[in-house]
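Colleague: Please take a close look at the aromatic rings here. How are they placed, and what sits around them?

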Amino acid sequence: MPTFPPEFADLEPYADWSLRTERERYAKRLSSTMAELQAFYDAAFARLPDATAYLDALDFAALPEDATKLLWLTYSLVNASFPVEVWRQPRVPDSGAATMDVVVEPAI
């Protein structure tokens, strides 16, 4: 069964990035290699305008499951963007063993 709407079937190889919570997304980022982060970033970033337009056309209060998972994928893209664009490593530079815990999640 597909994870995402049919229009986004090309993103299926990255379905494991469609994670509900920030904690899960952060853990995925930290456990990924830079090659994995770069591949995800390249694929998802290329589809971001289409995903945004698709999601904007829907009622966020009643998103179907496949659209919700697409939304979560875009959240993961945000999480992966700084490691790819700026730091060139999964962890925040010079942060030692520091971690980040989000205490409030997005409503969707």
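Modeller: The charged end of Lys28 sits over the ring of Trp17, 5.1 Å from its centre. That wording requires NZ of Lys or CZ of Arg within 6 Å of the ring centre and within 35 degrees of the ring normal. This is a predicted model: local features need pLDDT of at least 70, side-chain atom pairs count only at pLDDT 80 or more, and totals for chains, interfaces and linings use all residues. Residues are numbered from 1 along each chain as its sequence is written, and side-chain values use heavy atoms, with hydrogens and water left out.

Trp17 also belongs to a cluster, linked by ring pairs with Tyr14 and Phe40. Rings of Phe, Tyr and Trp (its six-membered ring) pair if their centres lie within 6.5 Å; planes under 30 degrees apart are stacked, over 60 edge-to-face, and the rest tilted.

The count is 4 aromatic pairs. One of them joins Phe8 and Tyr54 edge-to-face, 5.4 Å centre to centre, with 75 degrees between the planes. This pair links distant parts of the chain: Phe8 lies in the segment before helix H1 (22-31), and Tyr54 lies 46 residues away in helix H2 (residues 34-56). Helices are DSSP runs (H or I, at least four residues), numbered from the N terminus. Phe8 is buried, at 2% relative accessible area. Tyr54 is partly exposed, at 22%. Buried means under 20%, exposed over 50%, partly exposed in between (1.4 Å probe, protein chains only).

Tyr41 and Phe45 are stacked: 5.2 Å centre to centre, 10 degrees between the planes. They are 4 residues apart in helix H2, so about one helical turn separates them. Tyr41 is buried at 10%, whereas Phe45 is partly exposed at 44%.

How values were computed:
Helix = DSSP H or I, 4+ residues; strand = E, 2+ residues; numbered from the N terminus.
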